[in-house]
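Please open the model in your viewer and keep the selection panel at hand. The tour goes from one selection to the next and says what is found at each stop.

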Amino acid sequence: IFITSKLPGKIDRYLRAKGFTVSVYNGKEPITKNELIKKAAKANGVISLLSDKIDREVLSELTNCKVIANYAVGYNNIDVRYAKEKGIVVTNTPGVLSDATAELTISLILACSRRLIDAEKFMREGKFKGWMPDLFLGTELKGKTVGIVGAGEIGTEVARRINAFKTKILYFNRSKNSIVEDEFKGKKVSLNYLMKNSDIITVHLPLTADTYHIIDREKLKLMKKSAIIVNVARGEVIDEKYLIELLKKKRIKAAGFDVYENEPDINPELTKLKNVVLLPHIGSATTETREAMALLAARNVEAALKGKKPITPVN
Ligand code: 8YV
């Protein structure tokens, strides 16, 4: 089994104890495509990261591979269809990261609505000269309408938490989400309606051919001038360039980014904006969650290589 990066949770030890031969890439930066091909060429199983582009070219070289366990819930880095053609099982890590990602979503929403990052910077710069009635005025969540774009497991956990802030919930999803409707009084609406009527928009869609730029110019234009949008899903779900234009013109209030188009090469315009909060894709970055993700990936590989059904297959 080849693991493309050192992962938390000592899963190499777990897999060795199960009788597998394990090799772990130990580089300081993500493994390159060539190196991945070289190191994984004879492996029966691979545990991959989102930064590993497992395309046709890579898959064609993995001649002994039976399973690729992606260390992420999203698997847009893998050509799943071609993997299936080659008889390779692909697995992901759903469920175990929903709480951590929802917690980060709430953090990002609050960072935008209460201007936490600017206020903290102000303190460090020694600018606090005394309490003032209008110092860092933000907006309250209470009574606001929150639009959840994508009400899967993560979206549901966001609904559970944002509901405690006394908000109204709208959601956009292919199918009805009974938990969001019955427990948190969420209303299923069209994406246009959600964009137009939400004070806070939070994005939780996977990246697929159907969701690429699903929040396009026309959708972004529908937002209220006072709206905040946060994205902890995939950058490519939103037309980022146009969102930056709106932020520049202050056509919306603020945006929180945990994900970007073309990671890790982020649009340099973003760092010049005052009305954004920028995080380095840390939605699932808690010790507890990253260990649980690693164990799930290891168990998926173990199951597949023992001829059993993996726990969380995607193909
Ligand atoms: C991962 C994510 O941490 O699971 C996903 O899809 O985006 C993050 O939770 C990241 O992809 C690491 O591979």
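**First stop: around helix H7**

Begin with the cover over the buried residues of H7, which includes H5, S6, strand S7 (168-172), helix H8 (178-184) and S9; helices (H or I, at least four residues) and strands (E, at least two) are DSSP runs, numbered from the N terminus, and contact between two residues requires that their C-beta atoms, placed from the backbone, lie within 7 Å. Now select helix H7 itself (residues 153-163), where Ile-154, Gly-155, Thr-156, Glu-157, Val-158, Ala-159 and Ile-162 are buried. A residue counts as buried if 20 or more other C-beta atoms lie within 10 Å of its own, as exposed if 12 or fewer do, and as partly exposed in between.

Before going further, note that this is a predicted model, in which local features need pLDDT of at least 70 and side-chain atom pairs count only at pLDDT 80 or more, while totals for chains, interfaces and linings use all residues. Residues are numbered from 1 along each chain as its sequence is written. The mean pLDDT (the predictor's confidence in each residue, from 0 to 100) is 97 for the chain, and 100% of its residues reach 70 or more.

**The sheet**

Select next the open sheet of seven strands, whose order is S8-S7-S6-S9-S10-S11-S12 with parallel pairing; two strands pair if DSSP finds at least two bridges between them. At its edges are strand S8 (187-188) and strand S12 (276-278), each of which pairs on one side only. Strand S6 (residues 145-149) runs parallel to strand S9 (residues 200-203) and is joined to S9 by four bridges, and Val-146 has Ile-200 in S9 as its bridge partner.

**The two domains**

Colour domain 1 (2-95 + 286-305) and domain 2 (98-278) separately; these bounds come from an automatic or database domain assignment. The centres of the two domains, taken over C-alpha atoms, are separated by 31 Å. Where they meet, six residues of domain 1 are in contact with six residues of domain 2.

**Last stop: Leu-7**

Finally, select Leu-7 in the loop between strand S1 (2-3) and helix H1 (11-17). Is Leu-7 buried or exposed? Leu-7 is buried, because 20 other C-beta atoms lie within 10 Å. Leaving aside residues up to four places away in sequence, Leu-7 touches Tyr-71 and Ala-294.
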